[in-house]
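Dear colleague,

Please find the structure below, followed by my notes on what was found in it. I would be glad if you could read the notes with the model open beside them.

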Amino acid sequence: MLKSKRLRLIILGGIGAGVLIAMANGRISLIQNSSYRQFFAFATLPLLGDAKVTQTFTAEYPGLYRIDVYFVNREGGNGKLVFRLKETCKSRSDITVQVVNEVDIVDNEFHPFMFAPIQDSRGRKYCIVLETVKLNQDNELAVYVSRSDVYMPGAAEYQKSQYLEAVNRQQPFTATHFVWLPIIQNGGMRPFDIGFQLYYAGSVLPMATALLAQFSAHKPGVFGTPWFYVIIFTVYIVLLIIFVWLIFDSNISD
Amino acid sequence: MCWKQNPVFYVLIGLAAVRGLIYIAIFPPWLAPDEPAHYEAIRLLGQEHQWPTDDVYATTTMHPQMHASFLDFRIWQISHFEPPPFTADNDGHPIVNFVDYYAPTSLGSVVVAGNYPLIYHSLLAILAGPLDQLNIVTQLYILRLPSIIILLFTILAAWHFAATIFPTEPQFPIAVTSFLIFLPMFLHVSTTLNTDGLTTCLVSLYFLVLAKTFIQGVSNLKLMSIVGLLTIAILTKPTALFLVPTSFAAIVILLARRLQWRWYIPFIFLLTIGLVTLPASVLIFQFAEGGRGIATLSFSANKVGSEANYLASQALMVYISAVRWAFLSFWGAFGWAKILVPFSWIRILWLITFAISVGVGLFFLKHIVDWKGNNQLLNYRQKDLLTVLFASIIFSLIGVFAPTIATQSTKWGPPARYFFPALLPFSLYFFLGFKQLVPKQFSSLTLPIWLTALITFDSAVIILVLLPVLYA
C-alpha cells in the first residue's frame with residue numbers, strides 16, 4: 001500500500017502541513033540547568049532570620065516562566081520563604097513575588113516558582129532573591145550552593161542575618177547542626193552559585209532563533225553561523241525523505 | 001544489485017557525510033571520549049615537535065586557550081566536574097601542565113608515547129602543524145574534519161561487505177550500512193578526535209577483504225591485504241587484536257573446506273581458539289600495559305590485576321555491572337560518558353536485543369548448522385564466512401571484557417566504542433536475527449521496519465537527549 005506514490009505524497013503533505021501549523025501556533029519548552037547535584041552535596045547557606053541570598057543569571061531563551069531552587073529543609077519550620085524575581089538585585093520593584101510556607105518546601109528537592117511567561121526574556125539578566133519572614137534561629141531551611149563558580153553568567157551573594165548577629169552577641173549561638181560556608185574558605189570570598197533551574201516555553205520561531213544562536217556561539221568559521229545549521233538540517237531532512245521514499249518505491253524488501 | 005545501479009547507495013553516502021558534519025557541529029569541542037588527550041598529543045607532535053613522553057608532559061604547559069575554551073562551552077559542568085584550579089600568568093593564561101589540568105577525568109587517558117601507539121596522532125600532526133597560529137577551537141574543528149573521510153571509507157566498506165556476501169539481495173547492504181549511519185554513539189565517536197574511528201575503518205576494510213576471500217576465492221593480493229590491514233589496525237589500537245583469533249578461525253574454516261574435514265574437526269579447532277583467546281586476552285592485558293604493549297612492544301614483568309578468584313560471586317557482580325555499562329555505552333553514553341539516554345529506553349533496547357539474539361540463534365541453527373537439512377538460503381561459501389564472522393564477534397567481546405576480568409574492577413568500563421571495530425559482523429547478524437522475527441507474510445516490511453526503528457531512535461536521541469543537554 002505504501003508503494004503508492006499518491007499515498008506517500010498525501011502522508012508527506014500531511015506531515016508538512018502539521019509542521020507548519022506547529023511552527024505557527026506551537027511552543028517549545030526547554031529546561032536550563034545551571035547546577036549539578038555533585039557540586040552541592042554538602043555546602044548549604046542557611047536562611048536564618050533576615051538572611052538573604054541573591055543569584056544573578058542570564059536567560060538564554062524567550063518565555064521564561066519557572067525557576068526551581070534547590071533547598072535543604074530538614075525540620076520544616078513554620079516560617080515563610082519569600083521568592084523575588086528582579087531585573088537587578090538592587091531594583092526596588094519586583095517582576096514577581098511569591099511567598100511559600102516552609103513546610104511546603106521538600107528537603108533535597110528543587111522547589112518550583114512559576115509565573116507568567118516573560119516572552120522577551122532572551123538575553124536579559126535577572127536576579128533571584130530569597131528571604132525568610134519569620135525570625136527563627138532554629139530554622140533549618142537552607143539553599144544548596146557550589147564550592148566554586150559553576151555558573152559563569154551569574155553569581156550568588158549571601159547576606160547573613162543581622163538580627164541573629166545582634167542576638168548572638170548577647171548570648172552564645174549554639175548550632176543545632178554544622179553548616180559549612182564555602183564563601184569563607186581560605187580566608188577570602190570566592191564566587192559561588194546556588195542550585196537552580198530555568199524553564200522556558202516560548203513560541204516556536206523565537207525559540208528556534210535562540211537555539212540556533214546557541215548552536216553557533218563561540219564556534220569558528222561556518223560552524224559559528226546560525227544559517228549553517230538551518231542548511232545542514234534541511235539537507236539532512238531532505239535526504240532522509242528521499243531515502244525513505246526510495247525504500248518504499250523499490251522492490252528491495254521483496 | 002550493483003551499487004552503481006542502486007540510487008539508495010548514493011543517498012546513504014550523502015546521509016553519512018551530512019550526519020557526520022552535524023555531529024561535528026553540534027558537539028562542543030572537547031566533549032568526546034578523551035578528545036582533549038588526543039588533541040594534546042597531536043599538538044605536541046605537530047606544533048611543539050616533541051614526542052609526547054612522560055617527561056614532555058611534565059615540562060610542557062598546555063595550550064593557553066584551552067582552559068577558556070573549556071569554560072566557554074561549559075565542558076566541566078556538562079561532564080559533572082568542578083573546573084580545576086590553576087595558576088595564571090599576567091595575561092590570565094593558565095600556567096599548568098595538561099596532565100595536571102586534565103587529571104580529574106582519567107590519568108589513564110593521557111596519550112603517552114612508549115605505552116600508546118601513535119599512528120593516528122602522527123598522521124593528524126601533519127595537519128596540526130600549520131594550524132598553530134589559529135584559535136584552539138578552530139584547530140579542533142579543523143582536526144575533526146578528516147574523520148568524515150574515515151567515516152565514509154567505513155560506510156563504503158560496510159556496503160561492499162554486505163553486497164559481497166549477499167550479491168543478489170540489496171536489502172543487506174542497505175540494512176548494514178544504515179545501522180552504522182544511524183547508530184548515534186558510532187557517529188559521535190567517529191566524528192571526534194580519537195583512534196576508534198580509524199581503527200573501525202581499518203578493521204572494516206579487513207572484513208571486506210575477508211568476505212571477498214571467502215566468497216570470490218583466495219588470492220595473494222587478498223592475503224597480503226588481510227595481513228597488512230590486520231597489522232596496521234592493531235598498531236593503531238589494541239581493540240583490533242581480536243583480528244588475530246579471527247584470522248586463525250578463518251584459516252581453519254578455509255582448510256576444513258579445502259581438505260573436506262568432518263564437521264567436528266573445525267569445531268574442535270574453533271573451540272580451542274576460543275578457549276585460548278580468553279585467558280590470552282587477560283594475560284596480554286595484565287603484562288602488556290593494557291594491550292598497548294603489543295603495539296609498542298613494551299611488556300612488563302609485573303602483572304597488573306588482582307589474584308582474586310575470577311569466578312567468585314563478587315567477580316560475577318563486577319562482570320554483570322560491566323555488561324550493563326557496555327550495553328548503555330553502545331546505545332547512548334555521550335561526551336565523557338555523562339550524557340546518557342534515559343534508562344527506560346535502555347530497558348526497551350534490552351528487550352529488543354534479547355529478542356534479536358533469539359533470532360540470531362534461530363538463524364544459526366536453521367541456516368549455518370542446518371539442523372533440519374533444508375537450508376536453501378546460504379551456499380557453502382556464505383556459511384563458512386558467516387561462521388568466521390560469528391566467531392569474530394565472540395573474540396571481540398572477549399577482548400572488550402578482558403580488562404574487566406583481568407582487573408576484577410569496572411574501572412575499564414568497558415566503553416562500547418572498543419567493540420565498534422566489530423560493527424560490520426555485528427550489524428549483519430543483528431539484521432539476520434531481526435529477519436527471523438518477522439513473519440513470512442510480512443517479510444516485505446522487514447527493511448522498512450528496521451529503518452524506521454533506527455531513524456526513530458536516532459532522531460529521539462538528538463532531539464530529546466543531545467540538544468537539551470548540550471544547549472539547555
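**An exposed histidine and other findings**

B:His49 counts as exposed because its relative accessibility is 66% (exposed means over 50% relative accessible area, buried under 20%, and partly exposed in between, with a 1.4 Å probe and protein chains only). This is a predicted model, in which local features need pLDDT of at least 70 and side-chain atom pairs count only at pLDDT 80 or more, while totals for chains, interfaces and linings use all residues. Residues are numbered from 1 along each chain as its sequence is written, chains are lettered from A and ligands numbered from 1 in the order in which they are written, and side-chain values use heavy atoms, with hydrogens and water left out.

B:His49 lies in the loop between helix H2 (35-46) and helix H3 (54-59) of chain B, where helices (H or I, at least four residues) and strands (E, at least two) are DSSP runs numbered from the N terminus. Most residues other than glycine have a negative phi. B:His49, although not a glycine, has a positive phi of about 55 degrees, and B:Gln408, also not a glycine, has a positive phi of about 55 degrees. B:Gln408 is placed in the loop between helix H19 (380-407) and helix H20 (423-437) of chain B, and it counts as buried at 14% relative accessibility.

**Where the chains meet**

The contact (heavy atoms within 4.5 Å) takes 38 residues from chain A and 43 residues from chain B. The area buried between chain A and chain B is about 3600 Å², with 76% of it given by carbon and sulfur atoms; buried area is the accessible area (1.4 Å probe) that two parts lose on being put together, summed over both. Across this interface of chain A and chain B there are zero salt bridges, a salt bridge being a side-chain nitrogen of Lys or Arg within 4 Å of a carboxyl oxygen of Asp or Glu. Between chain A and chain B, five residue pairs are in polar contact, both residues being at pLDDT 80 or more (a pair of N or O atoms within 3.5 Å; within protein, one must be able to donate a hydrogen and the other to accept it, and residues adjacent in sequence count only if both atoms are side-chain atoms).

**Charged pairs**

Over all chains, the count comes to 13 salt bridges. In one of them, the side chains of A:Glu131 and A:Arg84 meet at 3.0 Å, N to O. A:Glu131 lies in strand E8 (residues 125-132) and A:Arg84 in strand E5 (residues 80-86) of chain A, so this pair ties together parts that are 47 residues apart in sequence.

In chain B, the side chains of B:Lys237 and B:Asp196 form a salt bridge (3.0 Å, N to O). B:Lys237 lies in the loop between H13 and helix H14 (243-259) and B:Asp196 in helix H12 of chain B, so the pair ties together parts that are 41 residues apart in sequence. B:Lys237 is buried, with a relative accessible area of 6%, and B:Asp196 counts as buried at 1% relative accessibility. The side chain of B:Lys237 also makes a polar contact with the side chain of B:Thr195 (3.4 Å), and B:Thr195 counts as buried at 0% relative accessibility.

B:Lys222, in helix H13 (residues 220-236) of chain B, is buried yet has no salt bridge, and the nearest side chain of opposite charge, B:Asp384, is 14 Å away (Lys and Arg count as positive and Asp and Glu as negative; His and the chain ends are not counted).
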